[in-house]
Amino acid sequence: MEEEKKQKDTELGTTEKPIPNATYWFQYVVAVSASLILLSSAVAFGWNSPAIPKLRLEDSPIPPITGGQSSWIVALMKVGSISASFCAIWLMNILGRKTLMLMAAVPLIASWILIGVATSIDVVYVSRVLSGLAYGIAYSVLPMYLGEIASDRIRGSISTLLTVMAKSGILYAYAIGPYVSVRLMAWLAIIPAAIFVTTFIWLPESPYYLIGKNEQENARKSLARLRRRSDVDEELDKMTVAVKKSQENKGTFHELFFNKGNRMSLIIILGLAVAQQLCGSQAVIAYSETIFKRVGSTLGASESTIILGVVQLVSSAVSSSIVDIVGRRPLLLVSVIGAGICNTIVGLYFFLERFEIDVTGIAWLPMTALMIFIVTYTIGMATVTFAILGEIFPKNLKSVAGPAFTITGGAFSFIVAKLFQIVSDDLGSDYTFWGFALFTYMFVPFVWFLIPETKGKSLDVILEEINLRNHKKKTIK
């Protein structure tokens, strides 16, 4: 028997009694590899900033684009993202988390190849829809995969990879795009996707998914690989019970919309999804180089954009480390108030510029405001929102609440992406930033009165408090 167990451990590359903390490293390896699909997709989003100014020049690889066409380049990625989110709800349970994420790399790589050979705007449009498909799948499937492979003790830290990897992808595009041609950037953008495929293809499928498909032995092998040990029967039994309960009590959109407590949670998370977009974050990220060129400073637009990307990445890491210390509501309040003030300042600068008032002495002001905007947005709305999304819904409803959040955010992101350049060209950039400021201020009372503080509370307590807040005459005992 002892020899049999040793042989089994050798085959799995595990040890029977590992040091507990030493077993976690492989889960981090798997999580980082899986998260590369999100990083690769985020490169496609960050690509807008350095690419659009080049595509508007006379030496563009395609006929120079107009402001309206540039807005479609940004917006069509959102169309693909929304479409993929709808499909991912069902496909992740049919094909599996791992298979679907690997499949997402196909349209992503195809999109870069199309840009690499494009000679017309129509080809670029098609490429943006394809990259959006990968982006939507990544955001819909990756959070579930990470949650299902991680041990309870490290699930929080692994979940933070979502935001960090997304910001890393944007920084990749910011740091390389300004200094190479549009075509070369397309070929370089394939590298992260290729690394994802070549590393992730060898890694295990979610044991939860395999249990749901009645592949108990494959689930045991997957869990043993993830935990780097063979004695996983106790944890596997717990997973099996959880999967059976989930299958018996499947969440539905009807339950999400027509149960009062769930409906309040839905209002909260959809409100945050809208706030993420109407504060102007996606416009700033997608058009950052164009905005910095308008402002002018001692730093070049490309260098300013890179700094913006670094600030965004660092801010996301900081937020992940303090969200359980400071709390959700304080960070969200700082986020919406700070973003509103920064939008107001940038709008004022462009207002003065439009009326030909000398602003050379305060050229530093809008750049500083945009950097602070990114910090305040990232530490609150960009990161805390995902923590709340995972806390205010019953487990059986998370699979429908997540896509509802993604689809709503994608729809408003499409509106912002499509209108930003058009409104800025036709009315002036001051109108766009003051519009962002107005919408952001409107979410201050929303956060103050509706967002529950979930720091340090169990899921049962959070759900009870949401239900009690919905029935105002009751008190929490």
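Biologist: How many salt bridges are there, and what makes a contact count as one?

Modeller: The count comes to six salt bridges, where the term stands for a side-chain nitrogen of Lys or Arg within 4 Å of a carboxyl oxygen of Asp or Glu. The structure is a predicted model, in which local features need pLDDT of at least 70 and side-chain atom pairs count only at pLDDT 80 or more, while totals for chains, interfaces and linings use all residues. Residues are numbered from 1 along each chain as its sequence is written, and side-chain values use heavy atoms, with hydrogens and water left out.

Biologist: How do you know whether E148 and R97 are buried or exposed?

Modeller: Buried means under 20% relative accessible area, exposed means over 50%, and partly exposed is in between, with a 1.4 Å probe and protein chains only. E148 has 11% relative accessibility and R97 has 6%, so both count as buried.

Biologist: What can you say about E217 and R220, and where do they lie?

Modeller: E217 forms a salt bridge with R220, the closest N and O atoms being 3.1 Å apart. Both residues lie in helix α11 (residues 216-227), three residues apart, which is about one turn of the helix. E217, with a relative accessible area of 42%, is therefore partly exposed, whereas R220, at 14%, counts as buried.

Biologist: Why is K238 with E234 also called a salt bridge?

Modeller: The closest N and O atoms of K238 and E234 are 4.0 Å apart, so the pair still meets the rule. Both lie in helix α12 (residues 233-248), four residues apart, again about one turn of the helix. K238 has a relative accessible area of 57% and is therefore exposed, and E234, with 59%, is exposed as well.

Biologist: What makes M103 part of a patch, and where is it found?

Modeller: M103 is found in helix α5 (residues 97-117), and together with F86, W90, L91, I94 and L95 it makes a nonpolar surface patch of about 570 Å². Patches take residues with over 30% relative accessible area and no salt bridge, joining like charges within 9 Å and nonpolar side chains (Val, Leu, Ile, Met, Phe, Trp, Tyr) within 5 Å. M103 has a relative accessible area of 41%, so it is partly exposed and passes the patch limit. Helix α4 (residues 67-94) gives the most to this patch, with four residues.

Biologist: How many cavities are there, and what makes a space a cavity and not a pocket?

Modeller: There are three cavities of 30 Å³ or more. On a 1 Å grid over the protein atoms alone, a cavity is a set of points where a 1.4 Å probe fits but cannot get out, a pocket is an open set with protein on both sides within 12 Å along at least five of seven lines, and lining residues have an atom within 4 Å of a point. The largest cavity holds about 380 Å³, and 22 residues line it, of which Y135, Y139, Q276, Q277 and F386 lie nearest its centre. Helix α21 gives the most to this lining, with five residues.

Biologist: What is the volume of the second largest pocket, and which classes of residue line it?

Modeller: The volume of the second largest pocket is about 230 Å³, and its lining includes L278, F412, Y431 and T432. The elements that give two or more residues are α21 (398-426) and α22 (429-450), with the largest share, six residues, coming from α21. By class the lining has 10 nonpolar, two polar and no charged residues, where Ala, Val, Leu, Ile, Met, Phe, Trp, Tyr, Cys and Pro count as nonpolar, Asp, Glu, Lys and Arg as charged, and the others, Gly among them, as polar.

Terms used: Accessible areas come from the Shrake-Rupley method with a 1.4 Å probe; for residues, only the protein chains shown count as cover. Grid points are joined across faces, edges and corners, and a volume is the space filled by probe spheres set on the points.
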